[in-house]
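Okay, thanks for coming, everyone.

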Amino acid sequence: MHTQQSPSPSPDRRLSVLARHLEPSSVAVEGHSNHSIVGAPTSGNDGKQSVFSHIVRAPEDPILGVTVAYNKDTSPVKLNLGVGAYRTEEGKPLVLNVVRQAEQLLVNDRSRIKEYLPITGLADFNKLSAKLILGADSPAIQENRVTTVQCLSGTGSLRVGGEFLAQHYHQRTIYIPQPTWGNHTKIFALAGLSVKSYRYYDPATRGLHFQGLLEDLGSAPSGAIVLLHACAHNPTGVDPTKDQWEQIRRLMRSKGLLPFFDSAYQGFASGSLDTDAQSVRMFVADGGEVLVAQSYAKNMGLYGERVGALSIVCRNADVTSRVESQLKLVIRPMYSNPPIHGASIVATILKDRNLYHEWTLELKAMADRIIRMRQQLFDALRAKGTPGDWSHIIKQIGMFTFTGLNKEQVAFMTKEYHIYMTSDGRISMAGLSSRTVPHLTDAIHAAVTRGR
Ligand code: PGU
């Protein structure tokens, strides 16, 4: 056994230990006798079957699997409209200018260290994230009624919130919209909640099924949790109007339903951070309790940095601090504490007036490019005389258009035109550019006129 005083093994000895491990005839490990390991079911050289041989191959993820298939395609005209990730007019991923600037500041700051963050994450980041979604002058923040914990992007924030509710909330049923982002069902089911759905989208009108929504939430058991997309509903691109939000709020509060907002696209729907946070702020303004999961994947382009936050707005400061103490117990055995880099980027941008302003301009530019793509695709389909009413392309908002194309039409477009999208007919408008609109138009036209 090594003690702190003992010298580390010489390079030679480490090499010979490594060589012994790699040698097929020997599986002995220092300090262990050979026969305790030879013949164990996990040994690799005894001709026995793998202990995992019963495992069946899992299907690819319905969204991320689209990129896997796209990457395998060698066609020069291939187009990935699957994953919701922003691309420039040249079809390239974008690192925001403000993010580059913030990273430079962080690198230059020699006082920065790499110690563990607290379980709840970077304190500045948490405070600024709560302000971003709830509003700088939010009374809930001033009254210390909000606890915010830094989590692994939107997904991690939803999962931590789900685990917390499954452990501590009396009503373990969550209602999610039909349809919704595919991962919601799995996140909440695995967190230990029972997942039910409420009507949201009406394929006939390609709009909100408002009546169905009110009926389904109206008959949900008192206290049930309701997952709401704060803005830019994924995959439909259909959001309630302000009036409709107000009716939803009143119904939910009258029945004691607990709102859990998923805010993955703040700033992407309208181009304004405040406008896109309106739904959340309406629910917080009435003094009631709310959960919000925030993601910086899209609006700061920090996808792979995995930066997000879970905020829980409670009735009073005392409950809030007890809730936070329990959130720490949820997080600690999952991943101990969150990573420091991405949250530092966000905090640097949010606390600097100039960087913040520049961010809002870059965000608006991304949102505007998506809106231009909507108009261009709509115009191109009209010009081509493609059968159908395509006005939903310009009416829907956010990253996606829910085209109405069916599974077979999607498969046809992938096979014949190398255009990749999720099988529900959702296309990421952020993946489109003026250059690729004609190709997509041809494909949609061919798909809908096939067999006519
Ligand atoms: N919530 C919604 C509504 C989302 O659309 C997404 C991402 C998330 C949460 C999670 O995002 P984080 O990256 O964890 O912050 N949806 C995208 C990205 C791909 C995926 O499925 O994760 C999409 O294409 O639907």
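**A surface patch, then the inside**

So, let's start on the outside: Val51, Phe52 and Ile55 make a nonpolar surface patch, with about 310 Å² of accessible area between them. Patch here means residues with over 30% relative accessible area and no salt bridge, where like charges are joined within 9 Å and nonpolar side chains (Val, Leu, Ile, Met, Phe, Trp, Tyr) within 5 Å. A salt bridge is a side-chain nitrogen of Lys or Arg within 4 Å of a carboxyl oxygen of Asp or Glu, and the areas are Shrake-Rupley with a 1.4 Å probe, counting only the protein chains shown as cover for residues.

Before going on: this is a predicted model, where local features need pLDDT of at least 70, side-chain atom pairs count only at pLDDT 80 or more, and totals for chains, interfaces and linings use all residues. Residues are numbered from 1 along each chain as its sequence is written, and side-chain values use heavy atoms, with hydrogens and water left out.

On confidence, pLDDT being the predictor's confidence in each residue from 0 to 100, the protein chain averages 91, and 90% of the residues score at least 70. Over residues 1-15, though, pLDDT is below 50, and that stretch has five contacts beyond near neighbours in sequence; contact is heavy atoms within 4.5 Å. Residues 20-39 are also below 50, with 15 such contacts. Where pLDDT is low, the coordinates should not be read in detail.

Back to Ile55: it sits in the loop between helix 1 (11-22) and helix 2 (64-72). Helices (H or I, at least four residues) and strands (E, at least two) are DSSP runs numbered from the N terminus. Is Ile55 buried or exposed? Exposed, at 55% relative accessible area, where buried is under 20%, exposed over 50%, and partly exposed in between (1.4 Å probe, protein chains only).

Now Gln244, in helix 9 (residues 242-255): this one is buried, at 18%. Leaving aside neighbours within four places in sequence, Gln244 contacts Leu208 and Phe210. Leu208 is 36 residues away along the chain, with 10.0 Å between the two C-alpha atoms.

Why call helix 10 (residues 278-285) largely enclosed? Because six of its eight residues are buried, Arg281 and Phe283 among them. After helix 10 comes Gly287, with a positive phi near 85 degrees.

Last stop, strand 3 (residues 173-178): five of its six residues are buried. Strand 3 pairs with strand 4 (residues 194-199) in parallel over six bridges; pairing takes at least two DSSP bridges. Pro177 stands opposite Tyr198 in strand 4.
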